[in-house]
Amino acid sequence: MESQASKTGDFFYGWDLLFKTIRADVNKKADVLMALVHFLLTKHYKFRCVGIGDDKTLSEEEVGSELLPDNWNDDDTKYSLRYEHEKVLYLLIAHISEEDLLINLLDINTKKVSNICIDPENLVAAVNGNITTLVPTASEVVDRLRKELLDPVFNGNSREVTTQTITETQRSSAPDPLRIGPPRHGGSFMPGGYEPRPFGFPDIGRGDLDPLGRGGPGNLFPFPSHPGMPGNGISYPRFDPFGPIDPNLPNRGPNPDHMRPPNWDSDYYM
């Protein structure tokens, strides 16, 4: 089984050569992290550095390099590096605050921009030595740089994630082809019964939805009524209210809802 040290060595193959070219220039911990970003861009993403500054135009005469340019870390508070990949210009801009290093990557063509905030003081242990001496958690730092700084701009992962999120939302709100009627709200079925209705409301009529007896009484399959409800333990046919009754209206007759079914015998349910 391949050791973690071997995997780290394979990934950072070429780092020692790069760091050797800039060792004399590195004088602060933020320099080490910027060199690590440069290594990741040039070694694993095939970018080429075309100089320093924030010029947003790329001329045909500019030739990219895998090396960091002269004066790349002369400014004590800011880094400005220009990169090219397949004739597309990218700007790598970083600012040093009291404790953090804020790095931005901008695609000049698409205007996609990403950023990451990292802490040089805690991540960088030394400014001289091999990669594990410089940055003991180099693999974890690289993972963050990929996910937060490089992939959202270079691979378009941020768009893909957004599309996936939208797709999941649309799928969750799409009609259920197996559902009959509108969705039910309120209590929900759990093994052994339904959850109680909110605010202590009785489950009158629940038995019609669950005739096997896991819910409350109903009109189709009467079962013992909810405790405290009238009926001495019997669920009588429901009365469906239709509005206030005006006693002054003429031709008031019995409502079909008031009539007992043919051959009604309440003793049948005792």
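Modeller: A residue is buried under 20% relative accessible area, exposed over 50% and partly exposed in between (1.4 Å probe, protein chains only). Strands (E, at least two residues) and helices (H or I, at least four) are DSSP runs numbered from the N terminus. The model is predicted, with local features needing pLDDT of at least 70 and side-chain atom pairs pLDDT 80 or more, while totals for chains, interfaces and linings use all residues. Residues are numbered from 1 along each chain as its sequence is written, and side-chain values use heavy atoms, without hydrogens and water.

Biologist: How many residues of strand 3 are buried?

Modeller: Strand 3 comprises residues 88–96. It is largely enclosed by the rest of the structure, because the buried residues among its nine number seven.

Biologist: In what order do the five strands form the open sheet?

Modeller: Strands count as paired if DSSP finds at least two bridges between them. The pairing in this sheet is antiparallel, and the five strands follow the order 1-2-3-4-5.

Biologist: Which residue of strand 3 is the bridge partner of Arg-82?

Modeller: Strand 2 also pairs with strand 3, in the antiparallel sense and over eight bridges. On strand 3, the partner of Arg-82 is Leu-91.

Biologist: Which residue takes a positive phi in the hairpin of strand 2 and strand 3?

Modeller: Two residues lie between the strands of this hairpin. The positive phi, near 50 degrees, belongs to Glu-86.

Biologist: What is the bridge partner of Tyr-90 in strand 4?

Modeller: Strand 3 and strand 4 form a hairpin with four residues between them. They pair over seven bridges in the antiparallel sense, and in strand 4 the partner of Tyr-90 is Asp-107.

Biologist: At what angle does helix 6 run to strand 5?

Modeller: Axes are lines fitted to C-alpha atoms (for helices, over the stretch in contact), and angles run from 0 to 180 degrees between N-to-C directions. Helix 3 lies across strands 1, 2, 3, 4 and 5, at about 5 degrees to strand 2. Helix 6 (residues 138–154) lies across strands 2, 3, 4 and 5, and its angle to strand 5 is about 170 degrees.

Biologist: Is Phe-12 buried or exposed?

Modeller: Phe-12 is found in the loop between helix 1 (4–11) and helix 2. Its contacts (heavy atoms within 4.5 Å), not counting residues up to four places away in sequence, are Leu-36, Phe-39, Ile-131, Ala-138, Ser-139 and Val-142. The C-alpha atoms of Phe-12 and Leu-36, 24 residues apart along the chain, are separated by 9.7 Å. With a relative accessible area of 6%, Phe-12 is therefore buried.

Biologist: What is the relative accessibility of Asp-31?

Modeller: Asp-31 is found in helix 3. Leaving aside neighbours within four places in sequence, Asp-31 is in contact with Asp-25, Val-26, Trp-72, Asn-73 and Tyr-79. Asp-31 counts as buried because its relative accessibility is 0%.
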